[in-house]
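Subject: Structure for you to look at

Hi,

Here is the structure I promised. Please open it and keep it beside this email while you read.

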Amino acid sequence: MDYREVDSTSEFVCRLEHGGDWRAQIEAFADEQGIDAGFFYGLGAVQDAELMFYDQDRTEYDSLTFYEPLEVAACMGNISHLDGKRFAHTHAVLSRPDGEAIAGHLNAGTVWAGELYVRGFDTELKREHDEPTDLDLWDI
């Protein structure tokens, strides 16, 4: 395991804008606040969502789009740099009215309502290509 100790520099509570994109708003907020590394938790609801699942055998993402209102029962992720831009690596558990849950990498979602807790760190984290997984992971 590679690791690095970090200190927190800032903590925020945020309300996402209705009709905006869930992940894009986190990235814009990180840009505005100068957060180069951090972690976030969130909850709320989306009007639609694009989830991605990484196929480990093919080393490719598969995308599923849901055109329906969904509860964001849990959302978490981290903020770092990917290809020179701030990137919000976002995972979510979404639920339907009957309680069925769907989950994965939240690539996009139109916010109905959303609340976040964001903690910024005192360091910059960059994503670099990892050969064994073919993913862009933290360069610790």
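Which residue in strand 8 is the bridge partner of arginine 127? It is tryptophan 138. Bear in mind that this is a predicted model.

Strand 7 covers residues 127–130 and strand 8 covers residues 135–138. They run antiparallel, joined by 4 bridges. Together they form a hairpin, with 4 residues between the strands. Look at aspartate 134 in the turn: its phi is positive, about 65°.

Next, the charges. Asp134 belongs to a negative surface patch. Other members include Glu128, Glu131 and Asp136. Aspartate 136 sits in strand 8. Its relative accessible area is 34%, so it is partly exposed.

Now the salt bridges. Side chains of opposite charge can pair when their charged atoms come close. The whole structure has 10 salt bridges. One of them joins arginine 58 to aspartate 55, at 2.9 Å from N to O. Arginine 58 is partly exposed, because its relative accessibility is 39%.

Arginine 96 is in the loop between strands 5 and 6, and glutamate 68 is in the loop between strands 3 and 4, so the pair ties together parts that are 28 residues apart in sequence. Arginine 96 also forms a salt bridge with glutamate 100, with the closest N and O atoms 2.9 Å apart. Glutamate 100 has 38% relative accessibility, so it counts as partly exposed.

Best wishes

Key. Residues are numbered from 1 along each chain as its sequence is written. This is a predicted model: local features need pLDDT of at least 70, side-chain atom pairs count only at pLDDT 80 or more; totals for chains, interfaces and linings use all residues. Side-chain values use heavy atoms; hydrogens and water are left out. Two strands pair if DSSP finds at least two bridges between them. Helices (H or I, at least four residues) and strands (E, at least two) are DSSP runs, numbered from the N terminus. Patches are made of residues with over 30% relative accessible area and no salt bridge: like charges are joined within 9 Å, nonpolar side chains (Val, Leu, Ile, Met, Phe, Trp, Tyr) within 5 Å. Accessible areas come from the Shrake-Rupley method with a 1.4 Å probe; for residues, only the protein chains shown count as cover. A salt bridge is a side-chain nitrogen of Lys or Arg within 4 Å of a carboxyl oxygen of Asp or Glu. Lys and Arg count as positive and Asp and Glu as negative; His and the chain ends are not counted. The place of a charge is taken as NZ of Lys, CZ of Arg, CG of Asp or CD of Glu. Buried means under 20% relative accessible area, exposed over 50%, partly exposed in between (1.4 Å probe, protein chains only).
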